[in-house]
Amino acid sequence: MGLMRDKLPACKGLGAVMQKLFLFLLILVAVWYVRRALAAAQESREHRAERPAPGVSEVKSEMMRECSQCGVLVPESEGVVVDEQFYCSQEHAHVRGRRSDA
Ligand SMILES: [Zn+2]
């Protein structure tokens, strides 16, 4: 390599080597970049696939209870319990408490 460069005019030889080196580095960077992009895309796809599953199981694991006033199904955490009766909202719990239309 050193001998070959010595035989050629310094600037021309160095330029050709640099050009090849630059092209080689460019290909390396391109390959690395594409592989990284593909890996990132695959990772994000896996994350997107994973995400809905826990969300669905979370909703399913929560107890749904029927409002004693209107019969609507409401997650237990969103409802109100008065005298061991479950209601969808404070308003319905109060309606029952007043017994205005029961
Ligand atoms: Zn209700």
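Trainee: Is Asp 83 buried or exposed?
Mentor: In this predicted model, Asp 83 counts as exposed because it has 8 C-beta neighbours inside 10 Å, and the limit for an exposed residue is 12 or fewer.

Trainee: Where is Asp 83 in the chain?
Mentor: Asp 83 lies in the loop between β3 (80-82) and β4 (85-87). Its phi is positive, about 50°, although Asp 83 is not a glycine.

Trainee: And what about the phi of Glu 84?
Mentor: Glu 84 also is not a glycine, and its phi is positive at about 65°. Glu 84 is located in the loop between β3 and β4.

Trainee: Why does Glu 84 count as exposed?
Mentor: Glu 84 counts as exposed because 6 C-beta neighbours lie inside 10 Å, and a residue with 12 or fewer is placed in that class.

Trainee: Moving on, which strand holds Gln 85?
Mentor: Gln 85 belongs to strand β4. With 15 other C-beta atoms within 10 Å, Gln 85 is partly exposed.

Trainee: How far apart are Gln 85 and Gln 69?
Mentor: In sequence, Gln 85 and Gln 69 are 16 residues apart. In space, their C-alpha atoms are 9.3 Å apart.

Trainee: Changing topic, how many helices and strands does the chain have?
Mentor: The chain has four helices and four strands. Starting at the N terminus, the order of the elements is α-α-α-β-β-β-β-α.

Trainee: What percentage of the residues count as buried?
Mentor: The chain has 102 residues, and 6% of them count as buried.

Trainee: And what share of the contacts joins residues 24 or more positions apart?
Mentor: Among contacts in the chain with a separation of 6 or more, such pairs account for 9%.

Conventions. Residues numbered from 1 in each chain as written. Predicted model: local features only at pLDDT ≥ 70, side-chain atom pairs only at ≥ 80, totals over all residues. Helix = DSSP H or I, 4+ residues; strand = E, 2+ residues; numbered from the N terminus. Buried ≥ 20, exposed ≤ 12 C-beta atoms within 10 Å, placed from the backbone. Contact = placed C-beta atoms within 7 Å.
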